[in-house]
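Trainee: I have a model open and want to learn how to read it. Where do we begin?

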Amino acid sequence: MFASFSALSARGRGAARLAAGTLVSGFVATSVLAGAGSAAADETAPSHGGAAATIGGMKTYGTAVIRGAAGDQQVSAGLFEMSVEGGGMLQTYCVDIHTPTQTDAKYHETPWSGTSLGTNKDAGRIRWILRNSYPQVNDLAALAAEAGVRGQLTEQDAAAGTQVAIWRYSDDVDVDAVDPQAEQLADYLHKSARNEPEPRASLTLDPPAVSGRPGERLGPVTVRTDARSVTVSPPADAAASGVRIVGEDGKPVTTAANGSKVFFEVPEGAEAGTARLTAQASTTVPVGRAFASESRSQTQILAGSSASTVSATADATWAAKGPVPALSARENCAVGGVDITAVNQGDEPFTFELMGLEHTVAPGGSRTVTVPLSEDRPYDFTVAGPGGFEQRFTGLLDCRTRAAETGTTTQTLGGPSPTPLGGTPTDVNLAETGASAATPWITGTAIALVVLGGAGLVITRRRRTPAGD
């Protein structure tokens, strides 16, 4: 679900490959054009933009019961807290009842299309529940009156009832809250929910990669955000390379707002190279944004946010002649794969090989190719192009809830502490997740996924010299 760039030590290959292998963390983000006079500085940032956070644990919760053929199974149900990198706190509910949550797992804000919400026709109803219940509605007496709850509604009841209503739509399970007030709230939310649109990202740069010729303005890159103001930082080596970040009027840009268009201005005669700009802001993340983990920890959906640090990056590539490609990727759960988009701003066609097939992008053109992938299986493939160009994609597709995949039931659960990262299946704390210690995924693949290192989408690129040089 996450994309980044780093130098690839292996030399050019003749074809793309797909293999299950060790995954590289999706947090690594570097970009190098081999043989060029300049390169973007190594950074750690989610290429898709938004908030990055570490999950703490479940802070406000009650108890729920999952009804199934194997009997009734208890789970804890309620709010998690996450600390944002750079500052800020998030509150979330989970949307995958059978998957464990791992202590200190790293999460990134991500579009619904990269999670099980992307193929869930009721995802908009979940957002309605979030916007009309606790903690967005923190007047519990008013919430109880609106929902027709008889008796006192506590914070624990409100959190449990809200989570139960979400699970009914996210996992399509038969689940009830144990406390009568929580169950009354869950029934009200479930019956009242209406479809609402997906909220926009807190911050993204679109597109995340551009290309062109020295002496040109490369872009535009459009800022999309709900923040009032965004700080735009030029490439780390801007003083040496002469690359500037400018607006439509050609003047240097240091701040931007939603809809602003910025460009990389590359000096005439610059050697082939790359550069990166970084955008950062402080804002509240919109309720309903999804948060996906790179360690196959339980997918979360945002219920509340303090002012939090959000960031995004965009990369530029340039060369004097030949094809000048810019590649980007996104996981697309609607089609069960990864969409690879190639844009060519050079003066010659860019022909690349992917999964044994050859594709060509005309000068000034673009093309998107979808690589179909298996659910919950690691992938590793490389796009190979002329002049030694390579860009590698690795990750793990997580598009379905465990209930949708296996229809498994859960077993009686224990205390409320999430699973430590790197723990064995017997370490899995099921109280916060509803996951069963006997489910096939945990017993068959949990250790393997920990060894493989996460679900990050990592892009690695190398280019020796542009074709025709």
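Mentor: Begin with axes: an axis is a line fitted to the C-alpha atoms, for helices over the stretch in contact. Two packed helices are described by the angle between their axes and the distance between the axes. Keep in mind that this is a predicted model.

Trainee: At what angle do helix α3 and helix α4 pack, and how far apart are their axes?

Mentor: Helix α3 covers residues 155–170, and helix α4 covers residues 180–192. They pack at an angle of about 40°. Their axes are 8 Å apart. That angle makes α3 oblique to α4. The crossing of α3 past α4 is right-handed.

Trainee: Which residues make the contact?

Mentor: On α3, they include A158, V164 and Y169. On α4, they include L185, A186 and L189. The residues of this contact divide into nine nonpolar, four polar and four charged.

Trainee: How many residues does the largest nonpolar core have?

Mentor: It has 54 residues. Those with the most contacts inside this core are L90, W167, L205, F264, L277 and W318. A second, separate core has 30 residues. Among them are A158 and L189.

Trainee: Now take N332. Is this residue buried or exposed?

Mentor: Buried means under 20% relative accessible area. N332 has 10% relative accessibility, so it counts as buried. N332 is found in strand β20, residues 325–332.

Trainee: What is N332 in contact with, leaving aside its neighbours within four places in sequence?

Mentor: N332 is in contact with S113, G337 and D339. As for D398, N332 and D398 are 66 residues apart in sequence. In space they are 10.0 Å apart, C-alpha to C-alpha.

How values were computed
Residues numbered from 1 in each chain as written. Predicted model: local features only at pLDDT ≥ 70, side-chain atom pairs only at ≥ 80, totals over all residues. Heavy atoms only, no water. Axes fitted to C-alpha atoms, helices over the stretch in contact; angles between N-to-C directions. Helix = DSSP H or I, 4+ residues; strand = E, 2+ residues; numbered from the N terminus. Parallel < 35°, antiparallel > 145°, perpendicular 65-115°, else oblique. Left-handed = near helix turned anticlockwise from the far one by under 90°. Contact = heavy atoms within 4.5 Å. Nonpolar A, V, L, I, M, F, W, Y, C, P; charged D, E, K, R; others polar. Core = buried A, V, L, I, M, F, W, Y, C linked by side-chain atoms within 4.5 Å. Buried < 20%, exposed > 50% of the residue type's maximum accessible area, 1.4 Å probe, protein only.
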